[in-house]
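User: Could you walk me through how to read a few features of a model? I'd like the general idea each time, and then the case at hand.

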Amino acid sequence: MLHKESFAGRKVLITGGLGFIGSNLARRLVQLKAQVTLVDSLIPEYGGNLFNIAGLEDSVRVNISDVRDEHSMRYLVQGQDYLFNLAGQTSHLDSMQDPLTDLEINAKAQLFILEACRKFAPEIKIVFASTRQVYGKPEYLPVDEKHPLRPVDVNGVNKLAGEWYHILYKDVHGIKTCVLRLTNTIGPGMRVKDARQTFLGVWIRLLMEGKPFEVWNGNQLRDFTYVDDAVDAFLMTAASDQINGETMNLGGSPSVSLKELAELLIKVNGSGEYTVKDFPTERKQIDIGDYYTDFNLIRRRLGWEPKVPLNEALRRTLDYYRKHLDKYV
Ligand SMILES: NC(=O)c1ccc[n+]([C@@H]2O[C@H](COP(=O)([O-])OP(=O)(O)OC[C@H]3O[C@@H](n4cnc5c(N)ncnc54)[C@H](O)[C@@H]3O)[C@@H](O)[C@H]2O)c1
């Protein structure tokens, strides 16, 4: 099994572990026989959900605390071999309406975490979940890691600070850190209640409820990573010490326009309707236009490649919410 030797019996902490990606990572790490602790604040506006770890309750430790709590973090990192640092405020719009909360979680708390590691767990390996949002509006496509950094919203600025703190702690303090810049990630466990995590979440909810969903503009290009592929990337990055101090993009399916995505979603579901609307003004201001990723760096360095095609990713996601929508709305 992939990475068994790296993780069996090892102690792993996942911040944001009750969230979408964190819980999928936890599930895989339990299969790999790691000793897993999840830390999550379960703030209702974010993606944390205890149902995400259904069936795992006896196999993981759950610590409901906030990464902004310096003392909790100090306690939690001790003795850990790996830290998957995924806790974050993920809504771009919320970051514009409440910029200081985004700053506290996505930047300041990252320093608490890194300081706790420097003082109490200097041997730990950290993988930080960043975002394609740090690039802003693409100047060229596909976007590689050399693309200029010019975020279009507060979330992008704070995530950029968060990633640079991680790299700095490698460069100055020798802590083993790596950064992954994720593109739209989809799969079972994603937030579907509203569009806070991704527009696709609310599309899926409305589709399941038999209601039409809205596609804004519809011509923008996007790429998508299925969550199992993202989990592979986190594990491969954690297991390799050759890439410490590096920042790598994750990508996915060939790019599709949002209208093509809407059509595909309806086809995979077997039914559904959507309407095309103009962008609401407050969204338009922070929209990045077309985006898709060049992920050759991680392919070259670690051999990571996305394996699950978009139609299969949508099929698995829809199957999940057909069964479990009530736990997510
Ligand atoms: N899903 C995507 O498409 C995507 C894209 C780019 C980047 N990312 C990054 O990946 C990471 C995981 O994202 P996700 O999609 O699983 O989102 P998510 O919202 O499902 O997971 C984040 C988790 O962090 C927790 N959290 C938030 N603030 C916290 C705090 N102060 N203390 C403790 N826990 C806190 C939330 O409760 C949630 O469970 C995030 O850092 C996000 O920025 C995700």
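User: Which helix is A107 found in?

Analyst: Helices here are DSSP runs of H or I with at least four residues, strands are E runs of at least two, and both are numbered from the N terminus. A107 is found in α5, which spans residues 99-120. Before we go on: this is a predicted model, where local features need pLDDT of at least 70 and side-chain atom pairs count only at pLDDT 80 or more, while totals for chains, interfaces and linings use all residues. Residues are numbered from 1 along each chain as its sequence is written, and side-chain values use heavy atoms, with hydrogens and water left out.

User: Is A107 buried or exposed?

Analyst: Buried means under 20% relative accessible area, exposed over 50%, and partly exposed in between, with a 1.4 Å probe and protein chains only. A107 has a relative accessible area of 3%, so A107 is buried.

User: Which residues does A107 touch?

Analyst: A contact means heavy atoms within 4.5 Å. Not counting residues up to four places away in sequence, A107 touches D102, N158, A161 and Y165. The C-alpha atoms of A107 and E163 are separated by 8.6 Å, with the two residues 56 apart along the chain.

User: Now the ligand: how many residues surround it?

Analyst: A residue is near a molecule if one of its heavy atoms lies within 4 Å of it. The ligand is surrounded by 29 residues, and D40, D66, K159, T185 and Q197 are the closest. The largest share of this shell, three residues, comes from β5.

User: Which polar side-chain atom lies 2.8 Å from a ligand oxygen atom?

Analyst: A polar contact is a pair of N or O atoms within 3.5 Å; within protein, one must be able to donate a hydrogen and the other to accept it, and residues adjacent in sequence count only if both atoms are side-chain atoms. That side-chain atom belongs to K159. Backbone atoms take part too: one of I21 is 2.8 Å from a ligand oxygen, and a backbone N or O of L86 lies 3.0 Å from one.

User: And how many residues does the largest nonpolar core have?

Analyst: A nonpolar core is a set of buried Ala, Val, Leu, Ile, Met, Phe, Trp, Tyr and Cys residues joined through side-chain atoms within 4.5 Å. The largest has 67 residues, and F7, L29, F84 and F234 have the most contacts inside it. Helix α8 (residues 227-239) gives this core its largest share, eight residues.
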